[in-house]
Amino acid sequence: MTASRIALVTGANQGLGRALVEELVARMAPHDRILLSGRDPSRVRAAAEAVGAEGRVLDVRDGAAIEALAAELGEVDIVFSNATARMSPQADPADEVDAVAETSNLATSHILRAFAPRLRPGGRLIVVASALGTLDQLDERVAGRFADAAGENLAAVDALVADWRQAVHDGRAEAEGYGTWLNIPSKVAQVAAVRAVARERRAVDLAAGRLVMALCPGLIDTDASRPWFEDFSQAQTPAEAASWPVELALSDRFDPAFYGELVQFGRVLPWRSGPVEGDPRHDLVARTTRTRSAAR
């Protein structure tokens, strides 16, 4: 019998996270371990029982808990860092920025620190982000700062997230170029974190067949997406959105160009320019931005 593989999905009680777990359960071997994780014990238990996975309570805002789980598992084969904080178009950014920064950004850094060194040869660590995570979505006054942080290390990315977070609380975020929509600097920072880790690990990881990357899953019809869009005629179900990422996670090979990048449907989204005009992904980003502006 081949050795059991270990897969972990965070934020997996519902939506894309749960669909990723379901797809992994369907495609991995019965003796493999597939961990469905989330914060709420009852929801974790119910979801894990429903999909046939191993439930694990994990609050990704707790860096020590992430490190403890990584140490317990020892080595892993697949990690989908999928947890995120829900946002509302009508909310005051200052009321939501702490949850967003801690759940999406600091958690991403903790996951990368804890699990990237524990990936087995051939392993995959995929951070679920967005097409909004490219530098062209930011004001030029801060885009360069995110690029510089990505070129340094995770500590630099975390420090910039802390500055953005404080700027939102101080009411100076818009004046300094961070904007008012939390999702853009948050997603850019997620991709910056992936790039910072990839810059340090690229040679050794590629030699061992490991992949660390950010993922844009595309528009998905979920409760979290509903407040932001009017037209869901082209949206995917969570199951549809999970199919290609799981195929990539389980594949023996991947395009080395994916390493350290933001990838959607098998294509790299350029870090500095994002989707080009005329690309359906560009139109999706534009519609999302207009929705946020209209809600202000």
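Which residues in α1 meet A47, A50 and V51 in α2? They are R18, V21, E22 and V25, where a contact is a pair of heavy atoms within 4.5 Å. This is a predicted model, so local features need pLDDT of at least 70 and side-chain atom pairs count only at pLDDT 80 or more, while totals for chains, interfaces and linings use all residues. Residues are numbered from 1 along each chain as its sequence is written, and side-chain values use heavy atoms, with hydrogens and water left out. Helices (H or I, at least four residues) and strands (E, at least two) are DSSP runs, numbered from the N terminus.

**The sheet**

- Eight strands make an open sheet with mixed pairing, in the order β3-β2-β1-β4-β5-β6-β7-β8; two strands pair if DSSP finds at least two bridges between them.
- β3 (54-57) and β8 (267-269) sit at the edges with a single partner strand each, so one side of each has no neighbour in the sheet.
- From one strand to the next, the twist averages 30°; angles run from 0 to 180 degrees between N-to-C directions, and axes are lines fitted to C-alpha atoms, for helices over the stretch in contact.
- β1 (residues 6-9) pairs with β4 (residues 76-81) in the parallel sense over three bridges, and A7 has I78 in β4 as its bridge partner.

**Helices on the sheet**

- α3 (residues 63-73) packs on the sheet and touches β1, β2 (33-38), β3 and β4, with its direction at about 170° to that of β2.
- α9 (residues 238-250) lies across β4, β5 (119-128), β6 (211-215) and β7 (262-264), running at about 155° to β4.

**The α1/α2 pair**

- The axes of α1 (residues 15-27) and α2 (residues 41-51) come within 10 Å and cross at roughly 35°.
- That α1/α2 crossing is right-handed, as the near helix is turned clockwise from the far one by less than a right angle.

**Helix α6**

- α6 (residues 154-170) has 17 residues and reaches 24 Å from first C-alpha to last, close to the expected 24 Å; the expected span is 1.5 Å times one less than the number of residues.
- Its buried residues include L154, V157, L160, W164 and V168; buried means under 20% relative accessible area, exposed over 50%, and partly exposed in between (1.4 Å probe, protein chains only).
- Among the elements covering the buried residues of α6 are α4 (93-115), α5 (140-150), α7 (173-176) and α8 (183-207).
- At the start of α6, a side-chain oxygen of N153 comes to within 3.2 Å of the backbone nitrogen of A155.
- Just after α6, G171 has a positive phi of about 80°.

**Two loop residues by β4**

- E75, in the loop between α3 and β4, is partly exposed, with a relative accessible area of 44%.
- The E75 side chain makes a polar contact with the R120 side chain (3.4 Å); such a contact is a pair of N or O atoms within 3.5 Å, and within protein one must be able to donate a hydrogen and the other to accept it, with residues adjacent in sequence counting only if both atoms are side-chain atoms.
- E75 and P121 are 46 residues apart in sequence but 9.8 Å apart in space, C-alpha to C-alpha.
- N82 is in the loop between β4 and α4 and is buried, at 10% relative accessible area.
- The N82 side chain reaches the backbone oxygen of G11 at 2.9 Å.
- Not counting residues up to four places away in sequence, N82 touches V9, T10, G11, L16, G17 and V128.
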